[in-house]
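I set out to look up a few local features and to record each one in turn. The entries below follow the order in which I worked.

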Amino acid sequence: MLRTSICVWTVWLGLLGFEGGTAFKDNAASELEPLHASVAGSVSYYEPKPLLAAHAVYAAKKQLIQERPAAPAAAVKAEANQKTVYLTFDDGPSKNTGLVLDILKREGISATFFVLGEHVLKQPLLAKRIIEEGHSIGNHTFNHKYEQLYGSFSAFAGQVMKTDDAIYQATGVRTPLLRAPGGTFTNFDQGYFDGLAAAGYVVHDWNVDSGDSKKKDVPAAEILTAIKGSRLASKLNVLLHDSAGHAESVKALPAIINYYKSKGYAFAPITDKVEPIQFKVASKLKWNRKPVTAGEVAKLITYAEQLDRNGGSAQAEPEEQKLTLHRGEDRLVLEAGEYRLIGGTIEVSLRKLTEWIGGSLELDAEQGQLVVTYEGNPVLTLKSKEIKVSDLGADLIVSVRATLQTFGIGIAKYVYNDNQREIWVTD
């Protein structure tokens, strides 16, 4: 694995991230998108779902809950008297997520974001911001396509694992929180619930539907009316959306927050300690599928167990892929271990990248600086009292995109997925 750079390089790299994390694209090469570009995706329309009278806890989870240490009596009493609302946002991240985060920050409250894996790959910095600003993040599967997700548990679990990895790549966080697209009613059978629970995932539905996805472009006024018309309870899980096409939800958010504040509610993010609100299992499903098998569940459990053995990462197989950079007919091929992906940023050796494009590095040990030269001109000077002559041969790790921009070179297109990792730079 590439060696960690000294402090000065870490500070410099922090200012030069791989903008927008667009290297995460999981499809054919395409033109790069700016960070705040609108994320394309279908809008989902939900119908009200029947709730159980109390929180539903599926059988496979009951024992886990019983084994939790008992809380002090005073804490239990205080919690019972505290009305709490959990604002939840589905289908992001998108440009609307940034606006939602701005509002939450201004109001001083926390929320929960159930994200789609394909959108996390496009907007990793927004996913990372969710965590950095004290919110919870949850798994909402990879692509939200019902026919795939509810055609078999194997397909559903595959999307959960893929999204789990996308979240981890972008944020460094593993989350047990999960929300089923469209909710669990008529989509989940007991096998889905039990299989996910066995692998450590906790499924959350909702008991307040804002109605912001019941049709296209629901006005903010209608969203607020739906909120105010919902039954109040000691614990509220409010369904909202922050994906593309939900600007009205963002517009309604301040009024929604003020409404719940006026009713004496505290705001909190969902954690693994929060009892899930779930819809009852329907007597008849929308889908004609085979029962969940022990083998399908075992695969998901094995995945979860690997996270612990690998220090929280199940990324061993993708890391074996080579990374190839193209510039005209020239290529730079980096083996696994000669590059890394951190928080949406592809990082490589400064020396290898500079020499490949025809630049050079010169170390002035007396002045404590490293000068990077390209086409006869110094384009970058790095200074540190800690620089030594031996550091010239060290692999100082830098962002591909930010460093190429320093040389006046752009990225034309790219492919970055489990099977192919290539970047084409401009001549």
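**Entry 1**

I noted that the model is a predicted one.

I then looked up the partners of β2. With β1 it pairs in the parallel sense over three bridges, and phenylalanine 89 has phenylalanine 113 in β2 as its bridge partner. The chain runs from β1 through α4 to β2, a β-α-β crossover that is right-handed. β2 also pairs with strand β3 (residues 136-139), in the parallel sense over four bridges. There, phenylalanine 113 stands opposite isoleucine 137.

**Entry 2: helix α4**

I checked whether the length of the helix matched its residue count. Helix α4 (residues 95-107) has 13 residues, which at 1.5 Å a residue should span 18 Å; the end C-alpha atoms are 19 Å apart, and this agrees.

Which residues of α4 are buried? I listed Asn96, Thr97, Gly98, Val100, Leu101, Ile103 and Leu104. A helix has 3.6 residues a turn, so residues three or four places apart point the same way. I recorded that the cover over the buried residues of α4 includes β1 (84-90), β2 (112-115), α6 (124-132) and α11 (247-262). After α4 comes glycine 108, with a positive phi near 70 degrees.

**Entry 3: asparagine 187**

I located asparagine 187 in the loop between β4 (177-178) and α9 (190-198). Is this residue buried or exposed? Its relative accessibility is 1%, so asparagine 187 counts as buried, the cut-off being under 20%.

I next examined its polar partners. A polar atom of the asparagine 187 side chain lies 2.8 Å from the backbone oxygen of glycine 183. The side chains of asparagine 187 and tryptophan 287 are joined by a polar contact of 2.7 Å. Leaving aside residues up to four places away in sequence, I found that asparagine 187 touches Tyr150, Pro181, Gly182, Leu285, Lys286, Trp287 and Arg289.

**Entry 4: aspartate 217**

I found aspartate 217 in the loop between β6 (208-209) and α10 (220-228). At 51% relative accessibility, aspartate 217 counts as exposed, for which the cut-off is over 50%.

**Entry 5: a four-stranded sheet**

I traced an open sheet of four strands, in the order β10-β9-β18-β17, with mixed pairing. Each of β10 (330-334) and β17 (411-416) stands at an edge with a single partner strand, so one side of each has no neighbour in the sheet. From one strand to the next, the twist averages 10 degrees.

At one end of this order, I looked at β17 and strand β18 (residues 421-425), which pair in the antiparallel sense over five bridges. Within this pair, valine 415 stands opposite glutamate 422 in β18.

**Entry 6: the chain as a whole**

The protein chain holds 14 helices and 18 strands. Of its 427 residues, 51% are buried. Among the contacts with a separation of 6 or more, 77% involve residues 24 or more positions apart.

Conventions. Residues are numbered from 1 along each chain as its sequence is written. This is a predicted model: local features need pLDDT of at least 70, side-chain atom pairs count only at pLDDT 80 or more; totals for chains, interfaces and linings use all residues. Side-chain values use heavy atoms; hydrogens and water are left out. Helices (H or I, at least four residues) and strands (E, at least two) are DSSP runs, numbered from the N terminus. The expected span of a helix is 1.5 Å times one less than its number of residues. Buried means under 20% relative accessible area, exposed over 50%, partly exposed in between (1.4 Å probe, protein chains only). Contact means heavy atoms within 4.5 Å. Two strands pair if DSSP finds at least two bridges between them. Axes are lines fitted to C-alpha atoms, for helices over the stretch in contact, and angles run from 0 to 180 degrees between N-to-C directions. A polar contact is a pair of N or O atoms within 3.5 Å; within protein, one must be able to donate a hydrogen and the other to accept it, and residues adjacent in sequence count only if both atoms are side-chain atoms. A crossover is right-handed if, with the strands pointing away from the viewer, the path from the first strand over the helix to the second runs clockwise.
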